[in-house]
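Here are my notes on the model, point by point. Please read them with the structure open.

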Amino acid sequence: MRILDTAPGAKVLALGHYQPSKVVTNDDLAKTMDTNDEWIQSRVGIKERRVADGESLVDMATQAGGKALAASGLSAADIDLVIVATCTLESQIPNSSAVVAHRLGIDSPGAFDVNAACSGFCYALAAADSAVRGGSAKHVLVIGAEKLSQWLDWTDRSTAVIFADGAGAAVVGPSDTPGIGPVVWGSSGDKYEAIRIPDRHGSLGQEGQTVFRWATTALHPVAKLACERAGVDPSELAAFIPHQANLRIIESIARKLGADNAVVARDIVTAGNTSAASIPLALSRMLERGEIRSGGLALILGFGAGLTYAGQVIEIP
Amino acid sequence: MAATEQDILEGLGKIINEITGIPATEVTPEKSFVDDLDIDSLSMVEIAVAAQDEFGVEIPDDQLKNLKTVKDVLTFIQN
């Protein structure tokens, strides 16, 4: 037996994103449930979010993936693996990745979905990094896509004000130097009940306080360890892009991480919490808005239902 | 030596100031977190977590909801 030719490193070559055009403001939500703009902004940090208006999850993933592919300068024929991180797909089978690949004209790539809820993109990126470095794929399309709107109880003000729809994507390819650092991942299955969609007829339920406490205590050590494993001091980070769960969680982890020179993602303010899509969506939108620059180092950190978490340092494409 | 009530009050005032921006001098024993200091449940969790780091006493969520005033927290930490 032999192993394949390997690559010394892998990196993110390009990004893309898609958001539905339908904007739902806090005032819109206040018309149908007992909540208000001030309460939502102070507790969660969201001003408005996007909700699918006819788009399926695959539609959004395809749009984001197509944009990342176009931005990479590669053609569909160059992609040999497609990974979609999602926990809100309409169907049990087929998975979304094979359908997305087909729609993008990517012929017979490896195709699998990853469900690690809001941590999914970081897990998928780690899998892509390993595949490229190990030689089992050359170019990987990694997508985070969610359609939370179809799994929400729109009368439940504790969840309906938080979650949203969207997709973000990255093309990963070989590199002479590492552009994706070692992943630090893990889970706390003892808290499996804290965030759940129990079955396909159910809606998303969350024990807000339990999750908040976990997120503000358990995750900054993970963030620091991801930096340490990559050989990067937090002060060297140009950006910190955690899962856009809640602005207060984001600010708490950022404060404890001490990445004093980093731009901290606040994409949640206008994008809402889009689970596995939030990190690539924030990365792509921040790059587009000029908030982060190509070549800088960003720490990404996913966390969510499971409870699961994963994070790594990446070079911004 | 165990921390005195005054020490804990000062430490708590500092924590609350860092998390909420409320001046530490306003954090006095008789104050209610919700009614007087306008501190919400998520900030209470952050305060409990910071208090655990500072004083080494864990305040679980099911106990936290019963701590209505600054005095309640002081008593919980001391016991």
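1. Domains. Chain A splits into domain 1, residues 9-175, and domain 2, residues 184-315. The model is a predicted one. The C-alpha centres of domain 1 and domain 2 of chain A are 15 Å apart.

2. Domain contact. On the domain 1 side of chain A, 44 residues are in contact with 43 residues of domain 2 of chain A. Five elements of chain A each give two or more residues to that side of domain 1: strand E1 (9-18), strand E3 (48-50), helix H5 (120-134), E6 and strand E7 (165-175). By residue class, this side of domain 1 of chain A has 24 nonpolar, 12 polar and eight charged residues.

3. First sheet to look at. Which strand order does the open sheet containing E1 of chain A have? The order is E1-E7-E6-E4-E5 in chain A, five strands with mixed pairing. E1 and E5 of chain A are at the edges with a single partner strand each, so one side of each has no neighbour in the sheet. From one strand to the next, the twist averages 20°.

4. Pairing within that sheet. E6(A) and E7(A) run antiparallel and pair over eight bridges. Within this pair, Ile143(A) stands opposite Ala169(A) of E7(A). Two helices deserve a look here. H4(A) packs on the sheet and touches E4, E5 and E6 of chain A. The direction of H4(A) makes about 125° with that of E4(A). H5(A) also packs on this sheet, touching E1, E4, E5, E6 and E7 of chain A. For H5(A), the angle with the direction of E4(A) is about 165°.

5. Helix H4. Is helix H4 of chain A, residues 96-103, mostly covered or mostly uncovered? H4(A) is mostly covered, with six of its eight residues buried. The buried residues are Ser96(A), Ser97(A), Ala98(A), Val99(A), Val100(A) and Ala101(A). Their cover includes helix H3 (57-72), strand E4 (81-85), strand E5 (110-114) and strand E6 (140-147) of chain A. After H4(A) comes Gly105(A), with a positive phi near 75°.

6. Another open sheet in chain A has five strands in the order E8-E14-E13-E11-E12, and its pairing is mixed. Its edge strands are strand E8 (184-187) and strand E12 (263-264) of chain A, and each pairs on one side only. Strand E11 (239-242) and strand E13 (297-304) of chain A are parallel partners, joined over four bridges. One bridge links Ala239(A) to Ala298(A) in E13(A). H5(A) packs on this sheet, where it touches E8, E13 and strand E14 (308-315) of chain A. The direction of H5(A) makes about 55° with that of E14(A).

7. Annotated site. An unreviewed UniProt entry places the feature "active site" at Cys118(A), His243(A) and Asn273(A). Why can these positions be said to gather at one spot? They span 156 residues in sequence, yet no two of their C-alpha atoms are more than 9.0 Å apart, so they do gather at one spot.

8. Cys118(A). This residue is in the loop between E5 and H5 of chain A. Cys118(A) counts as buried because 32 other C-beta atoms lie within 10 Å, where the cut-off for a buried residue is 20 or more. Leaving aside neighbours within four places in sequence, the contacts of Cys118(A) include His243(A), Ala245(A), Ser275(A) and Ser278(A). Gly302(A), Phe303(A), Gly304(A) and Ala305(A) are also among them.

9. Asn273(A). This residue lies in the loop between helix H8 (268-271) and helix H9 (278-288) of chain A. Asn273(A) is buried too, with 25 other C-beta atoms within 10 Å. Leaving aside neighbours within four places in sequence, its contacts include Ile162(A), Phe163(A), Ala164(A), Gln244(A) and Ala245(A). Ile268(A) and Ser278(A) are also in contact with Asn273(A).

10. Chain contact. Seven residues of chain B and nine residues of chain A take part in the contact. Helix H2 of chain B, residues 41-55, gives the largest share of the chain B side, five residues. The chain B side divides into three nonpolar, one polar and three charged residues.

How values were computed: Residues are numbered from 1 along each chain as its sequence is written. Chains are lettered from A and ligands numbered from 1 in the order in which they are written. This is a predicted model: local features need pLDDT of at least 70, side-chain atom pairs count only at pLDDT 80 or more; totals for chains, interfaces and linings use all residues. A residue is buried if 20 or more other C-beta atoms lie within 10 Å of its own, exposed if 12 or fewer, and partly exposed in between; C-beta atoms are placed from the backbone. Domain bounds come from an automatic or database domain assignment. Ala, Val, Leu, Ile, Met, Phe, Trp, Tyr, Cys and Pro count as nonpolar, Asp, Glu, Lys and Arg as charged, and the others, Gly among them, as polar. UniProt positions are given in the numbering used here, feature names are shortened, and annotations may be inferred rather than shown by experiment. Two strands pair if DSSP finds at least two bridges between them. Axes are lines fitted to C-alpha atoms, for helices over the stretch in contact, and angles run from 0 to 180 degrees between N-to-C directions.
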